[in-house]
Amino acid sequence: MSLTPQDIARIANLARLELQPEESDRMLTQINGFFGIVQAMQAVDTTGIEPMAHPVAAIQDITLRLRPDVASEPNQRDLNQKSAPAVERGLFLVPKVIE
Amino acid sequence: MSKLVQGYEVVIGFETHAQLSTKSKIFSRASVAFGAEPNTQACAVDMALPGTLPVMNIGAVERAIEFGLAINAHIAERSIFARKNYFYPDLPKGYQISQFEIPVVQGGEVSFFLEEGQETVRKTVRLERAHLEEDAGKSLHEDFIGQSGIDLNRAGTPLLEIVTQPDMRSSDEAVAYAKELHKIVTWIGICDGNMQEGSFRCDANVSVRKPGGELGTRREIKNLNSFKFMQQAIDYEVRWQIDQIEDGHAIQQATVLFDPDTGETRAMRTKEDAADYRYFPDPDLPPLVIGRDWVERVRSEMAELPRVMAERFVKDYALPEYDATQLTQSKAVAAYFEAAAKACGQPKLASNWIMGEVSRRLNASEMAIEQAPVSPAQLAALIGRISDNTISNNAARQVFDHLWQPKLAELVIGDTLEEVTAGVLALNALKQIDAIIEAKGLKQMNDTGELEKIIDDVLAANPKNVEEFKAGNTKALNGLVGPIMKASKGKANPGQVNALLMKKLG
Amino acid sequence: MNSLHDMTVAELAQALKTKQVSAVEVATGFLARLGGNPHNAFLDIDSEVTLAQAQASDARLAAGTAGPLEGVPVGHKDVFVTRDFATTAGSKILTGYRSPFDATLVQKLGASALGGAGMVTLGKLNCDEFAMGSANENSAFGKVTNPWDTARVPGGSSGGSAAAVAARLTPAATGTDTGGSIRQPASFCGITGIKPTYGRASRYGMIAYASSLDQGGPMARTAKDCALLLSAMCGPDLDRDSTSLDVPAEDFTASLNGSIEGLRIGVPKEFFGEGLHADVRAALDAALSEYEKLGAKLVPISLPRTELSIPVYYIIAPAEASSNLSRFDGVKFGHRAKDYTDLVDMYKKTRAEGFGNEVKRRIMTGAYVLSHGYYDAYYLQAQKIRRMIADDFQNAFKSCDVIAGPVAPSVAWKLGENAGDPVADYLADIFTLPASLAGLPGMSLPAGFGAHGMPVGMQLIGNYFQEAQLLNAAHRLQQATDWHLRKPEGI
């Protein structure tokens, strides 16, 4: 299973990462090197095996806890926004979103 | 039966996002109240601050169960939350927590009535699924040049995404489905249905094909937030697609927006790799388990559903299916009907009046039935006075009119407004009706003696009509009925007039 | 009384309780050692904050409302968010970030007025960026050096925590372990560390790397110290973490001194194969002999899918990470690029500038294995084999009580040795990954020395919820040996 430069470009776009050409090349080589060791994994017969949701599911059924429908969070806008790169009138500013 | 457009069959599927009426968000404890100042209802979890984690709101699950029961669907015993990964400023985590392979509600159907030509046809749209997910925030563009302002108050609001099979074959059907779905979610109280505020948002997947052919490529019209726009948008899109095909162009899959000003749909800027959301089960959320006893408890606590109530109306009140459906458009209308029907014992008449006069006036003033000036008791009393021949239908409408919008100038001379109104308020419904009938002099003349005298006078004054009628021209009667009604000042009982005329003329 | 910095957590707690020393004195003493940031262990220090916490501790001690570890200093790995210190996760993308809330584990160890154990925070500790690495060479703020040999790596990703404890800059530190990031640096730095059962310690406020694997835990010089901290750290966090187990908090010190006569120690043959360096094997053999002298029985066992744990982990962890790190987008917090043409460009440049190479590599790998058409073959397949690995452990535990083996194939390697070859790093994780994938508790404790005089750690793996048994076994060894008492030259 070998990745191509097109794969790298597509994934980088999906992951919103800008890669310089030499970075892309290096990434391609390193990731392909990694997939070399993945082959053994694909050969394993896993018929009938359930994927593992939560590690402790090996010994007990772990299910989703449900909390009561109560709105208890106070307004902490200033505190929550203190590390924001760009804020105006309480709104996060970003380059214009074009639909 | 499908309604072809220019020889093409229209295929429509709907995805509806209904905001659930919980107090807090689906995965955080921030409030979901509408209209707050930006980002004052976005806590650390909603802002996706580093280290935050989701915790599930039981109210969202309970509402999903209610919906599943209302549409006769299967409620999954175990369902899984999955991450839908994509980048957008109103999506703080860079993924939306949704459900992918195993949703909480599976299958189900929605039925409704549709006028097709002269017929009323019952349609059923199958649902594929309904799943829980979180809403995104909002982007505001107006006040910022070259920038957008992001408000995350809405981020994390619980949504139920309701997906149909592509069962609809016309824009009429699609709108009827949307209206029925809207009724269901508001009836059972899981969603406030406020389309202006974005509580109920529909996306329509539209494609066309030659009958018997393969499914065409569909385009998705997003964010239709009014029934009127839904109709316009779908109609435009269908014609556009057909034009494209006829011109030899293939339809490209696209997401489109409807512009209400131009009445046109327009493709959004294409998003590369739009479809690769890299879904995987959210490792922060173990599987959601819904035991059968929980489902049964919800079922037992649910109010009678509109479909079930409609069936009961058909059975108990001998109403046609169409009437029953109209009367179960909301709990308030149904309650109004039942109160009136039980009080007067004439369910079909009550139904006619509600679907007719009451609805017309409510629509004209954009009023809800809860605000109707005429109460079910008053309507029942009025119907009673028609049935016992105290007044004619025409007179009844005048009484109704007065009750709905009392017109002071129309009162009979001799009774001042104050006397009548004050008196009316103090009386019970029947007395109210009777008081108005009396004040307006609307009582029918049921005394046959007086009526016979009038008839005799009219017959004597119109020998020509009598002759023509006796010669076989039944229409000549009309020339007699008019003067009779006039002479009786409209109070003659038309049924009696006809009966007496026939008797006198042989 | 020993010098403050040579005292264990237990000793310091006792000295503070008996008023032999004040919290302010202790804090001052340790802060003095942080000048020049030895080993580049720390990322944020604020003596004002630390001394204020110490003063509060002294007040609590005077009032008799002290917590169990009142006034004892602790350093927090920089993936735990803190209100009073910066948090970077070792990354430039969190430049300037101040969390409005404390991580649950920080709260549980912190101010006793708020229900915590009363520890005083010395600062935030360096780590591999977003906990991705095995040598602490992936921090955006410089490598950390091993106090035993500053030309060598301390291990990772909790390298700053391990180095700080080994260099006696702090008596204890918190770390996180996703694939071995507590155990391996503990081994390389000759200290003790434990990763609890998955779900026993809250992940709320612990910046997520791989959600189904991450666990926070203590790092200190003794099993007893680890037991003291772990007792405070473990416990349900039902309101904030849906993966937190509703298992009551436990006093892990209660059974430390229990006899280990008849304890069955499983020795997996796959852990003692070709890849294990001879010096490490020799140290482990000696340690296991000590266990036999204490009455434990060695039982040969097999964990047949040990090698598979490498591809399985390096599919699952990057996949989850690629999604967890999407929130770092320059919109709500942290770094944003200065020059960009539009929104998408802003995202791409921000993330390219903010993330280091290893993080980018794992994001790319993760996004790839989740992408359309590959999910079944990679992610799903890996999660299935993961269950098989967990089942292998359950099988093994039928014939033993705890499992013992190496932590890493070798002692700490030289800085820069593995540069450019990430796969070499991955392969060295082979012994710690299986317990991570299964969610089992695992610890590392000093077990002698190997090549170049560098420390060797022994790994103990227990069944779910058996932390007390692990700590007991470790404590008994530490009573019989003195490897854990040795310290680097010049400290």
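The model is predicted: local features need pLDDT of at least 70 and side-chain atom pairs count only at pLDDT 80 or more, while totals for chains, interfaces and linings use all residues. Residues are numbered from 1 along each chain as its sequence is written, and chains are lettered from A and ligands numbered from 1 in the order in which they are written.

**Chain A**

Let us begin with chain A, which has three helices and three strands. Here helices (H or I, at least four residues) and strands (E, at least two) are DSSP runs, numbered from the N terminus. Read from the N terminus on, the order of elements in chain A is α-α-β-α-β-β.

The C-alpha trace of chain A spans about 55 × 50 × 25 Å along its principal axes. Chain A has a radius of gyration of 23 Å, whereas a compact globule of 99 residues would have one near 13 Å. That radius is taken over C-alpha atoms, and the globule rule is 2.2 Å times the number of residues to the power 0.38. Of the 99 residues in chain A, 28% count as buried. A residue is buried if 20 or more other C-beta atoms lie within 10 Å of its own, exposed if 12 or fewer, and partly exposed in between, with C-beta atoms placed from the backbone.

**Where chain A touches chain B**

The contact takes 35 residues from chain A and 45 residues from chain B; two residues are in contact if their C-beta atoms, placed from the backbone, lie within 7 Å. On the chain A side, the elements that give two or more residues are α1 (5–14), β1 (66–67), α3 (77–80) and β3 (91–95). The largest share of that side, five residues, comes from β3(A).

Two strands pair if DSSP finds at least two bridges between them. Within this pairing, A:Leu66 has B:Met56 as its bridge partner.

**A sheet in chain B**

In chain B, three strands form an open, antiparallel sheet in the order β6-β5-β17. Its edge strands are β6 (95–98) and β17 (280–281), each of which pairs on one side only. B:Arg83 in β5(B) has B:Phe280 in β17(B) as its bridge partner.

**A covered part of chain C**

Strand β6 (residues 215–220) of chain C is largely enclosed by the rest of the structure, because six of its six residues are buried. C:Gln215, C:Gly217 and C:Met219 point one way from β6(C), while C:Gly216, C:Pro218 and C:Ala220 point the other way. In a regular strand the side chains alternate between the two faces of the sheet.

| Strand | Partner | Bridges |
|---|---|---|
| β4(C), residues 172–177 | β6(C) | six |
| β5(C), residues 192–195 | β6(C) | two |
| β5(B), residues 82–85 | β17(B) | two |

Across from β6(C), C:Thr174 stands opposite C:Pro218, and C:Gly193 stands opposite C:Met219.

Helix α7 (residues 223–233) of chain C is mostly covered, with 11 of its 11 residues buried; among them are C:Lys224, C:Asp225 and C:Leu229. Just after α7(C), C:Gly235 takes a positive phi of about 145 degrees.
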